[in-house]
Amino acid sequence: MTSTSMLRRQLRPALVLTLTLCVITGVAYPAVVTGLAQLLFPRQANGSLVTVNGRVVGSALLAQPFTHPVYFHPRPSAAGYDAAGSAGSNLGPTSAKLDSAVRARIDAVVATDRGARGRIPSDMVTASGSGLDPDIAPADAWLQVARV
């Protein structure tokens with residue numbers, strides 16, 4: 001047997017297996033999972049969209065920049081509440097820029113929620129890892145209750 005025929009004999013099954021696995025894992029499996037998600041959990045599969053008067057205004061999974069006093073204010077966002085730029089600030093605990101940003105946020109909380117100085121939860125003035133965390137801690141909510 002020549003080396004060329006031996007190479008062909010080994011190469012053909014390898015290529016067939018590679019293409020078969022690409023179709024299974026790259027097309028069939030994602031199609032099945034997407035179809036099941038759309039069938040069983042359509043709201044979540046489509047991004048948990050929030051609609052008001054038939055108009056999409058956001059997602060329940062992403063924080064929104066509420067600043068009006070009648071709303072609970074979300075955690076600060078390092079991404080500016082823009083999902084395309086989702087990321088933390090990467091500023092370390094010794095960063096002067098982080099320190100000044102946190103001090104400015106503390107001053108804003110004290111101005112907005114009277115009597116807050118000295119008992120401000122840290123996650124109320126620091127951004128989440130994604131910068132888009134929609135949830136606030138119970139301590140944040142209790143601090144804002146009087147304003148809301």
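Reader: Which residues is serine 48 in contact with, leaving aside its neighbours within four places in sequence?

Author: In this predicted model, serine 48 is in contact with Arg43, Gly58, Ser59, Ala60 and Leu61 once those sequence neighbours are left aside. Serine 48 itself is found in the loop between α2 (42-45) and β1 (49-52).

Reader: Why is serine 48 called buried?

Author: The relative accessible area of serine 48 is 4%, and buried means under 20%, so serine 48 counts as buried.

Reader: What is the phi of serine 48?

Author: Serine 48 has a positive phi of about 50 degrees, although this residue is not a glycine. Asparagine 53 also has a positive phi, near 55 degrees, and is likewise a residue other than glycine.

Reader: Where is asparagine 53 found, and why does it count as exposed?

Author: Asparagine 53 is found in the loop between β1 and β2 (55-59). Its relative accessibility is 80%, and since exposed means over 50%, asparagine 53 counts as exposed.

Reader: How many aromatic pairs are there, and what makes the pair of phenylalanine 66 and tyrosine 71 tilted?

Author: The count comes to one aromatic pair, formed by phenylalanine 66 and tyrosine 71. Their rings lie 4.9 Å apart, centre to centre, and rings pair if their centres lie within 6.5 Å.

Reader: Why is phenylalanine 66 called partly exposed?

Author: Phenylalanine 66 has a relative accessible area of 38%, which lies between the cut-offs of 20% and 50%, so the residue is partly exposed. Tyrosine 71, at 43%, is partly exposed too.

Terms used: Residues numbered from 1 in each chain as written. Predicted model: local features only at pLDDT ≥ 70, side-chain atom pairs only at ≥ 80, totals over all residues. Heavy atoms only, no water. Phe/Tyr/Trp six-rings, centres within 6.5 Å; stacked < 30°, edge-to-face > 60°. Buried < 20%, exposed > 50% of the residue type's maximum accessible area, 1.4 Å probe, protein only. Helix = DSSP H or I, 4+ residues; strand = E, 2+ residues; numbered from the N terminus. Contact = heavy atoms within 4.5 Å.
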